[in-house]
Amino acid sequence: MKNRLYLIIKVNTVLVLILFSAALVCAKSDKKNAIRQRIAFDSDWLFALGNACDASEDFNNGTSYFSYLAKAGFGDGAAAPGFDDRAWRNQNLPHDWCVELPFDSTAGHSHGYKALGRDFPENSIGWYRKKFIIPKDDFGRNISIEFDGVYRNSVVWVNGFYLGTEESGCTSFAYDITDYLHYGGTNVIAVRVDATMEEGWFYEGAGIYRHVWLTKTSPLHVDRYGTFIKTGFANGKAEVTIQTTIVNESDKTVSFGIEENIIDEKGKSVSTGSLKNLQIGSGASGEFTTSYKVDNPKLWSLESPTLHQLQTVIRSNGKVVDKYETTFGIRTIRFDPDSGFFLNDKNVKILGTNNHQDHAGVGAAIPDALQDFRIRRLKKMGSNAIRTSHNPPTPELLDACDRLGMLVLNENRLMGTNKEHLSLLEQFIKRDRNHPSIIIWSLGNEEWAIELDDLGIRITKTMQDFAHRLDSTRPITVGLSGGWDNGIGSVTDIIGYNYIRHGDIDGHHKNFPWQPGVGTEETTASGTRGIYFTNADKAYMAQGDFTSQYGGVEFGWKYYDARQFLAGLFYWTGFDYRGEPNPYGWPQVTSQFGLMDVCGFPKDAFFYLKSWWVDEPYLQITPHWNWSEFELKQIPVSVFGNVDEVELFLNDETLGRKTMERNGHLSWDVSYSPGILSAVGYKDGSKILANKVSTTGQPAAIKMSADRNSIEADGKDIAVITVSVEDADGLTVPTASNEIYFEVEGPGKIIGVGNGDPSSHEADKFLKTIITVDITELRELPVDGFNNRDETSDNFDDSQWIPAFTNEGDWRDYKDSIIVLRGTIDLPEFNDETEVNLFTKSIVENQTIYINGHKIASDIERDDPDQSYRLTHDILKQGRNVYAVTGKRFRKTHQYDEPNRDPGLLQLIYPAEQWRRKVFNGLAQVIIQSDKDAGSIQLSASSKGIKKATIGVESR
Ligand code: GAL
C-alpha cells in the first residue's frame with residue numbers, strides 16, 4: 001500500500017495559463033486603435049474573510065518589522081504580491097459579503113441583524129486580490145485604477161505598494177498606478193475592506209459592491225470627470241456650454257488642440273468645433289470652455305429621455321492622443337417658489353420615492369440590469385423621481401435614470417466643511433454633474449446636531465457655496481426634520497421637508513416666499529405585503545392605514561397635490577430594505593416602509609399611488625379573498641382607482657355603489673364568504689373597467705415568469721424571475737408558503753433569492769463553503785538518503801524530533817544535508833462531496849511530498865509556484881493527518897537570507913446546498929445571471945406535493 005501513487009490531479013496550471021493568455025489577447029485586441037481604454041475590472045478576483053481583531057487571522061497584514069508604512073513596496077501578509085492566495089474563493093464583482101452572512105439576534109438592529117460589526121470581527125474584514133497582466137507596450141501610458149464604491153474603509157496595494165485608504169463606503173475613488181506596474185509582466189492588486197463600522201443607520205452591505213475599472217490614457221489626457229456640460233434651450237435652439245479640464249502628466253510642455261463633436265440620439269453629428277494652439281506645462285492642467293448651438297434638438301424628458309454624446313478629441317503634433325466621450329441630455333430645469341418644478345418649461349409634479357441600495361438576494365451588490373428593473377418597477381407605479389437616500393449612488397443607477405427617464409435628487413452622505421468632507425462633496429458633484437436626470441443636490445439628511453442652530457447655518461452656507469461653484473445649474477437642498485424656519489432650512493436654495501408632521505409647511509412658505517419647497521421624505525405607513533391583520537410575534541404589520549396624519553400615504557399625497565407651491569415629494573420608501581426593522585426588531589430583519597417589498601412586489605400603498613399617478617384607467621381591490629378562518633366575519637376591503645364611482649359585488653350581489661373622492665380610495669367592511677369579490681369602475685356614468693379577487697383552492701403548481709426572456713451573454717446581465725404558487729385553476733394562492741427548490745441548467749447561474757418576508761431568516765445565497773487547514777507542528781530529522789523513508793508514514797514516532805528549521809547551522813559552512821520534515825494537518829469532518837486540495841510551497845530543495853505516507857509528488861523544483869494537488873479521500877481521515885517532505889536543507893546565500901518556511905495549506909470545499917426559498921404570501925423571486933456563453937438558461941423549480949415548473953431565458 002505504502003508505495004502506491006494515488007490519484008493526484010494538478011489543478012490550476014491549465015486554467016491559469018488559459019486565463020493569462022485570454023487576458024493578453026483581450027488587452028491586445030482592446031488596445032487596437034484605442035487611445036484611451038476603460039477596462040472593466042470586475043472578474044477573476046479572489047476573496048477571503050480576514051479578521052478585525054486578530055492579525056494572524058487577518059493574513060498577518062501589517063505585522064512585519066518593516067511594514068508598508070515603513071518602506072515603499074513593503075505591503076505584507078495578504079498585501080504582498082507573493083502572498084499565497086490559492087485557497088481563496090473566486091469572486092466576480094460587484095460583491096456584497098454581508099448578504100452571505102447568517103442572521104444573529106445579537107447583531108446590529110440598523111443593519112438588519114447580519115452577523116457583521118464589532119462583535120463579529122471574523123466576519124467584518126474582507127480581502128480581495130487579483131492578478132493582471134500589463135502589456136509591455138503600455139509603458140509610457142498613464143494607468144489608474146478606479147473604484148465606483150467599496151463598503152468601507154478600504155486599503156489598496158498594487159505590487160505591495162500602498163496606494164491609500166478610503167474610509168467612505170459610498171464615494172468613488174481612483175489611484176494612479178503608472179509607476180508601480182510591471183510592464184510586460186504580472187501585477188497584483190490587493191484590497192482590504194473593513195466593514196466593522198457603520199456609516200448609515202440602514203443596511204449598507206460589505207465589500208467591493210460596485211464596479212472597478214482600469215483606465216489607460218496618454219500622458220496628455222482629459223482629466224477624470226474632466227468635462228462639464230451645461231445646456232440651455234430657447235426658441236428651438238439649444239446652447240451647449242462645455243468646460244473641459246486637460247491634464248499634462250508628461251515631463252514636457254505640450255502643444256495641442258481640442259476637437260469637439262456633438263452627436264444626437266441617431267448617431268448624427270449636430271455641432272462641431274475646435275480650439276487650436278493650446279499649451280499646458282509639464283504636471284499642470286488647463287480648463288477650456290467652448291459653446292455650441294444645436295438646432296431643434298430632441299430634449300431629454302420623462303416621456304422621451306433622449307441622450308446626446310459629446311466626443312472630445314485631443315490632438316498633439318498631428319496625432320490623436322485622447323478620445324473622451326460624455327453622455328448628456330439637453331433639457332432645462334427650473335424651480336419656482338409658487339408653482340413648483342419645471343422640466344423644459346413644463347410644470348411637472350415630482351412623484352418620488354427614497355431608496356437605499358439594497359435588493360433581495362444580492363444586497364448592496366446590485367447588477368446594472370437590476371437597477372433598470374427597480375426603476376421600471378417604480379415607473380409602473382407612476383413615479384418619476386428617486387432620492388438617493390442617504391449617499392452618493394453607484395454611477396450605473398444614474399445612467400439608468402438618464403436612459404429610462406427618472407428624475408434624481410442626488411444626496412451627499414455627511415455634512416461638514418473640513419477638507420475630507422468638501423473633497424467627498426467635490427468628487428460627488430464632479431462625477432455626477434453631466435447626468436440630465438439629476439435636478440437637485442442634497443447636502444445631507446436630518447443632521448440633528450446642526451439642523452436647528454447657527455453653526456448648522458454656517459456649515460450649510462459654506463457647503464452650498466462650494467457646491468454652487470462646482471455646479472451652478474442645480475439648486476441645493478438638505479432633508480430636514482427640523483430647523484425649517486430658523487435653522488438650516490432658512491438658507492438652502494430649496495427647503496427639504498422631511499415629514500409634514502415635523503412643522504408648519506404653509507407657514508414656512510409664507511415666511512420664506514423666495515424659497516421653493518419639496519418633500520424630501522413623506523411616510524407611506526408601514527405594512528407587510530399580503531398581510532391585513534397584524535401579528536406582532538411574527539412582526540407582520542397589517543396594511544391599510546392610508547389616511548392618518550402620522551403615516552398615511554393618502555394623507556401625504558392629498559397634502560402635496562393640493563399645494564401648487566410644493567414641487568412634489570419623495571415617499572419613504574419605494575422598496576423595503578434590509579435593516580431599520582422597525583417597529584418590532586428581531587425577528588424582523590428588513591424595514592417595512594416600502595411601497596414594494598425588497599423584491600419589488602407591490603403593497604397596497606403602491607396600488608393607491610398608482611391609481612392617482614398614472615393616466616390610464618386603473619382599478620384594484622385588496623385584500624385577497626382567502627379567509628376561510630374568517631367565515632362571516634368582517635373583512636376590511638379597499639378599492640383603488642382613478643374612476644368617479646365604484647360598485648362592489650360579492651358573488652354577484654351588490655354591496656353598494658360609492659363615489660370616489662379625488663386622491664382618495666374606497667372602503668367596505670364585507671362579511672366574508674368564499675367566492676368572487678368584484679368591482680366595477682364608472683367614469684361619467686359609464687362602466688369603464690372591472691376587476692376582481694377570487695377565493696382560490698389549495699396550492700397545486702408552481703408558476704414562473706421572467707421580467708426579460710432574453711438577456712446578454714456577458715456574464716453580467718440578469719433576469720428577474722417571479723415564482724408563484726397557484727391552485728388547480730391557475731390562480732395565485734395568496735397565503736401559500738411552500739418551500740421551492742431551484743436548479744439551473746445552461747449558461748447561467750442563480751445569484752440570489754428572496755420573498756419579501758420581513759422576518760425571513762432563510763439564506764439569500766447558497767454558496768460553496770471553503771475551509772483552509774494549516775500544516776502545523778513541523779519537526780525535522782536528518783536522514784541518510786531519499787528512498788523508502790518510514791519517517792514519512794502517519795504512525796512513525798517523531799516525539800524525539802526537534803522543531804523544524806532550528807538546526808540550520810551557520811550559513812557559511814553549509815553542507816548538503818538530507819532531512820525529513822513532518823507536520824500535522826488536523827482535518828475537520830468531510831464527506832464524499834468535499835473537494836480537498838493541497839497547496840504546498842517548498843521548504844526543502846527537491847521536495848518530495850507525502851500525506852500519511854502516500855507519495856503526492858516528487859522532486860519538485862524549489863521555485864515551482866504551482867504545487868497544487870487535488871487529493872482523493874482514501875488517503876485522508878478526519879482528525880490528525882501527517883504531512884511529510886523529504887529533500888535537502890535550503891542553502892542560505894547570505895547571513896540575512898530567510899528561505900521559505902511556510903509549508904502551505906489544505907483547502908476543503910464543501911458543495912453548496914441546493915438553492916431554495918419559501919414563497920411568502922404566494923410569491924418569491926429568483927435572480928439569474930448569464931455566463932459569457934450564449935444559450936438557453938433553464939431554471940426549474942420544484943416543491944413537495946405540487947407541480948414543478950421550468951422557465952427558459954435566452955442568453956445571446
Ligand atoms: C427618517 C430618516 C430615514 C429613516 C426614516 C425611518 O427620519 O431620514 O433615513 O430612518 O426616518 O422612519
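Start by selecting Asp-44, which sits in the loop between strand S2 (37-40) and strand S3 (45-49); strands here are DSSP E runs of at least two residues, helices are H or I runs of at least four, and both are numbered from the N terminus. Phi of Asp-44 is near 60°, a positive value in a residue other than glycine. Before you move on: this is a predicted model, where local features need pLDDT of at least 70 and side-chain atom pairs count only at pLDDT 80 or more, while totals for chains, interfaces and linings use all residues. Residues are numbered from 1 along each chain as its sequence is written, and side-chain values use heavy atoms, leaving out hydrogens and water.

Next, pick His-390, in the loop between strand S23 (385-387) and helix H3 (395-404). A cis peptide bond joins Ser-389 to His-390, with omega about -15°.

Now show the ligand. Residues around it (a heavy atom within 4 Å) include Trp-201, His-390, Asn-445, Glu-446 and Glu-521. For polar contacts (pairs of N or O atoms within 3.5 Å), check His-390, with a polar side-chain atom 2.6 Å from a ligand oxygen. In Glu-446, a side-chain N or O atom is 2.7 Å from an oxygen of the ligand, and for Glu-521 that kind of distance is 2.8 Å.

Hop over to Pro-583, in the loop between strand S29 (566-572) and H8. The peptide bond from Asn-582 to Pro-583 is cis, omega near 5°.

Last stop: select H7 (residues 553-561) and H8 (residues 604-613), which pack at about 25°.

Definitions and conventions:
Axes are lines fitted to C-alpha atoms, for helices over the stretch in contact, and angles run from 0 to 180 degrees between N-to-C directions. A polar contact is a pair of N or O atoms within 3.5 Å; within protein, one must be able to donate a hydrogen and the other to accept it, and residues adjacent in sequence count only if both atoms are side-chain atoms.
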